[in-house]
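Here is a short note for someone opening this structure for the first time. Please read the points with the model in view.

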Amino acid sequence: MFSRLRSDIQCILDRDPAARTAWEVLTCYPGLHALVLHRRAHWCWNHGFKWLGRFISHISRGLTGIEIHPGAKIGERVFFDHAMGVVVGETAEIGDGCTIYQGVTLGGTSLYKGTKRHPTLGKDVVVSAGAKVLGGFEVGDGAKIGSNAVVIKPVPAGATAVGIPARIIPSKTGESADVSSAQPKFNAYGITQDDDPLSQAMRGLIDNAAAQEHQIAMIWKALEQLCAHQQVHLPRDATTHESFEADKLNQLVGK
């Protein structure tokens, strides 16, 4: 029990630069308190003390602002960062090393009892503030869910889901940026600059338009040289210089 508690405290110290000491984490972090109380509630739930498990969960909700059903399964080194307003459903499963921010819902869309209604998060998943993950599907290891995303379908390992409804951005290397290296790099709130699919699409269109204008200008220059040799005048609207401000547009979309 104490080794697991030490592991929980250390994972908070590793991921939260505001955490200064183990004592501060132990006494002042509601995410840790919610985990400790959930383990008691989960034990009661699995040993037939259903009401007591729900009551402990209810007390934990009032003390921490984090609502975790006693039937939910939570792995090791899970960090509820800030986490006010987090809701974790009965059949939800959270893998080792996950990070969950405030306002997250791991909810269900089915009303049938006894079925898998809530999502399963793999290892090292980051679920950003306000995200809603709804349904009995899996979110793969190392996946990232963007802030306020509404995820209603499975997310592959290492991928990023953003938007409403969430759009899936596959991993470039097949692994998450958070877990692929020997020394994992943790991205707070799970999102980096390159994770917005709309910005990526806009940058692609801008680069393509700039390349086309460059090619057209080269063609006009070649025609200009040919016409000068043949003593033929180019049309007045011929453009031999580039005016498309690709760099400026890329800065606007966040490149």
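1. Start with exposure. A residue is buried under 20% relative accessible area, exposed over 50%, and partly exposed in between (1.4 Å probe, protein chains only). D207 has 35% relative accessibility, so D207 counts as partly exposed. D207 is found in helix α5 (residues 197-230). Helices (H or I, at least four residues) and strands (E, at least two) are DSSP runs, numbered from the N terminus.

2. A word on the basis. This is a predicted model, in which local features need pLDDT of at least 70, side-chain atom pairs count only at pLDDT 80 or more, and totals for chains, interfaces and linings use all residues. Residues are numbered from 1 along each chain as its sequence is written, and side-chain values use heavy atoms, with hydrogens and water left out.

3. The overall view. The chain has six helices and 15 strands. Of its 255 residues, 42% are buried. Contact means heavy atoms within 4.5 Å. Among contacts with a separation of 6 or more, 39% join residues 24 or more positions apart.

4. Which residues touch the most other members of the largest nonpolar core? They are F80 and I94, in a core of 32 residues. A nonpolar core is a set of buried Ala, Val, Leu, Ile, Met, Phe, Trp, Tyr and Cys residues joined through side-chain atoms within 4.5 Å. Leaving out residues up to four places away in sequence, I94 touches K73, I74, G75, V78, F80, V88, I100, L106 and L121. A second, separate core has eight residues, including I12, A19, Y29 and L32.

5. Is D8 buried or exposed? D8 has 1% relative accessibility, so D8 counts as buried. D8 lies in helix α1 (residues 2-15). Beyond neighbours within four places in sequence, D8 is in contact with L32, L35, R39 and R77.

6. On a 1 Å grid over the protein atoms alone, a cavity is a set of points where a 1.4 Å probe fits but cannot get out, and lining residues have an atom within 4 Å of a point. Grid points are joined across faces, edges and corners, and a volume is the space filled by probe spheres set on the points. The whole structure has one cavity of 30 Å³ or more. The largest cavity has a volume of about 50 Å³. Its lining consists of A34, L37, H38, A41, I56, S57, S60, I66 and I68. Helix α3 gives the most to this lining, with four residues.

7. Now the backbone. Most residues other than glycine have a negative phi, and most peptide bonds are trans. The peptide bond from I164 to P165 is cis, with omega near -15°. P165 lies in the loop between β14 (160-162) and β15. A83 has a positive phi, near 70°. A83 is in the loop between β3 (79-80) and β4 (87-88), and A83 counts as buried because its relative accessibility is 0%. D124 also has a positive phi, about 60°. D124 sits in the loop between β8 (120-121) and β9 (126-127). D124 counts as partly exposed because its relative accessibility is 29%.

Conventions: On a 1 Å grid over the protein atoms alone, a cavity is a set of points where a 1.4 Å probe fits but cannot get out, and a pocket is an open set with protein on both sides within 12 Å along at least five of seven lines; lining residues have an atom within 4 Å of a point.
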